[in-house]
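Open the model in your viewer and keep the sequence panel beside it, so that each selection can be followed in both. The tour goes from one stop to the next, with a note on what to select each time.

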Amino acid sequence: MTYRPIRVIGDPVLRTPCEPIREITDGVRTLVADLLETVDEEGRAGLAANQIGVSLRAFSWHLEDDLGYILNPVITYLSEETQDDDEGCLSVPGLWYPRTRAMYARCEGADLDGKEVVLEGTEIVARLIQHEVGHLDGQLYVDGLERPVKKRALRDIRERF
Ligand code: ZN
């Protein structure tokens, strides 16, 4: 297991949609170990593979005492009810902006043994699912900010990165 540096906004790997994992190779096993080790730190809730430079569809989470990962996650449910809270990203460090998200989300994928993994929940869990799957699609949460906030965010990002 290796603690891997986090890629920061401006790095093209963050803007490249990740490839599905078709086969469990040693590389995929290493990726999972690195995702788990790198997310297991105070203040880190979720980490997508491309944030550590690997363009494959996987992310890890660290929610209170629950450390986990999912391969090939697909969002299978988003509630119509929404939540408005500040969101941040390890790849856009030091900045937080209010981002509207579905209040409840569910995603389904698999583990290294091919067993089904379901991650679902409200509030921070729902926010994490939407945020991390966005990463795997080559998006950053700041893309979906509402207009006046987005303008401020893009200005802040230009100044900082
Ligand atoms: Zn992020």
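Begin by selecting β4 and strand β5 (residues 92-102), which pair in the antiparallel sense over eight bridges; strands here are DSSP runs (E) of at least two residues, helices are runs (H or I) of at least four, both numbered from the N terminus, and two strands pair if DSSP finds at least two bridges between them. This is a predicted model, in which local features need pLDDT of at least 70 and side-chain atom pairs count only at pLDDT 80 or more, while totals for chains, interfaces and linings use all residues. Residues are numbered from 1 along each chain as its sequence is written, and side-chain values use heavy atoms, with hydrogens and water left out.

Follow the hairpin that joins β4 to β5 through two residues, and then select Cys89, which stands opposite Val92 in β5.

Next, show the zinc ion, whose protein donors are Cys89 (SG), His131 (NE2) and His135 (NE2), lying 2.0 to 2.3 Å from it; donors are N, O and S atoms within 2.8 Å of the metal (3.2 Å for Na, K and Ca), and since water is not among the atoms, sites may look incomplete. Cys89 lies in strand β4 (residues 82-89) and His131 in helix α2 (residues 123-136), so the pair ties together parts that are 42 residues apart in sequence. Both Cys89 and His131 are buried, a word that means under 20% relative accessible area, with exposed over 50% and partly exposed in between (1.4 Å probe, protein chains only).

Finally, select Arg44, in the loop between α1 (26-39) and β1 (46-48), which counts as buried at 13% relative accessibility.
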